[in-house]
Amino acid sequence: MIHSVPDILNQALLGQSLGQKELIRLLDIQVESERQALFQAAYKLKSKHVGRVVYFRGLVEISNICQKDCTYCGIRRSNSRVKRFRLSEDEIIQAACWAHRNRYGSLVLQGGEVQSEAQTAFIEEILNRLHAATDGELAVTLSLGEQPRDVLRRWRRAGAQRYLLRLETTREDFYQRFHPEDHLWQTRLSCLEDLRQEDYQVGTGVMIGLPGQTRADLADDLLFIKNLDVDMIGMGPFIPHRDTPFASYLADFDKPGSLDLGLKMLACARLLLPDANLAATTALQALDGLGREMGLKAGANIIMPNVTDSEYRHQYQLYEGKPSLDENSEQCRQSLQCTIHRIGETIGYGKWGNSPHYLGRCPG
Ligand code: SAH
């Protein structure tokens, strides 16, 4: 029997797990009062388990050079219209020092996927320099795609603590629809397992609203992620990019509908994984100027403000309408700070902001 929305939310608030049917019911909500009730329940759990504190992760987009050809992504290998760039060591350290000076507790180094000894050594060197330049006060997350286990081990030893690798979708057959034959979902999954073995705090997530994706798929995504027992979740709406095979989807792209589904997914994720770190992603902001703040009210507790020199931001467009392209890091920080204070939350300046889930998993 499928319960009513209030019953389902009560079940979640009492700490009982939700199943596929309940999640589909929540994702299908159309009535505004039910929608608000979903967000309020998620917010209640967020307040209880992770607090009303937002942690900033300074995002450094280190390079848009990518060996992969994921069909939806603006920096895919075969997009010849994108001008490729790679930040120098000094530029990355500069961005990191800015984040450190502004008391961001942690940094995310993100980029296209490159598997090579040169890339491995470059990141190792960056990690060493970063550690020295910030007295080890900055927690570092990497988001550099799939890598062999020995590479992950070297980066972990050089000081990276966390890694983000989205599964994109947890349905293997569906994954293959959006990727060339040699991009394997199983490889991505086993990379997540390697990360765990190498003692990283692990984050994953999916894209929401891919063409052909059903509510049942999304509910299953959430249940799959819960089973993976991850520490962090980063997921956001799919947004078509004009230089990809999905260009034709731009004309009919339903921004409000995608935002709504993205927010409902965040809220459901909070109901399922109350003590995980949950990011309000930039893709939400691309759909609505206040999308990330809405994400916080739907249960997210992490924001990743861009700290890359604005000169390069135009060239790191994974999807259409990337926000804040002309804002510098300080303007970004200030506008976020204002909106966060407006919704009555504080910013965890100077703190690493490990998820309680991770702390529970690794006491001490
Ligand atoms: N190369 C790295 C990280 C960079 S891509 C990796 O593969 O993990 C970061 C994320 O951007 C991807 O995982 C994907 O979920 C998201 N992304 C890419 N194209 C997108 C699009 N068109 N709309 C929304 N999100 C997209």
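## A tour from cavity to ligand

Start inside the protein: the second largest cavity holds about 50 Å³ of space. A cavity here is a set of points, on a 1 Å grid over the protein atoms alone, where a 1.4 Å probe fits but cannot get out, and its volume is the space filled by probe spheres set on the points, with points joined across faces, edges and corners. You're looking at a predicted model, where local features need pLDDT of at least 70, side-chain atom pairs count only at pLDDT 80 or more, and totals for chains, interfaces and linings use all residues. Residues are numbered from 1 along each chain as its sequence is written, and side-chain values use heavy atoms, with hydrogens and water left out.

Now select the lining (an atom within 4 Å of a point): Ile62, Ser63, Ile65, Arg86, Gly111, Gly112, Val114, Gln119 and Leu144. That's four nonpolar, four polar and one charged, with Gly counted as polar. Searching the whole structure turns up four cavities of 30 Å³ or more.

Keep Gly111 selected and hop to the ligand. Gly111 is among the nearest of the 19 residues around the ligand, along with Tyr72, Arg166, Glu168 and Ile239 (near means a heavy atom within 4 Å). The shell splits into 10 nonpolar, five polar and four charged residues.

Next, show polar contacts (N or O pairs within 3.5 Å). Ligand nitrogen atoms sit 3.0 Å from a polar backbone atom of Tyr72 and 2.8 Å from one of Ile239. At Arg166, a side-chain N or O atom is 2.8 Å from a ligand oxygen.

Terms used: Polar contact = N/O pair within 3.5 Å; in protein donor to acceptor, adjacent residues only side chain to side chain. 1 Å grid on protein atoms, 1.4 Å probe; cavity = no way out; pocket = protein on both sides within 12 Å on 5 of 7 lines; lining within 4 Å.
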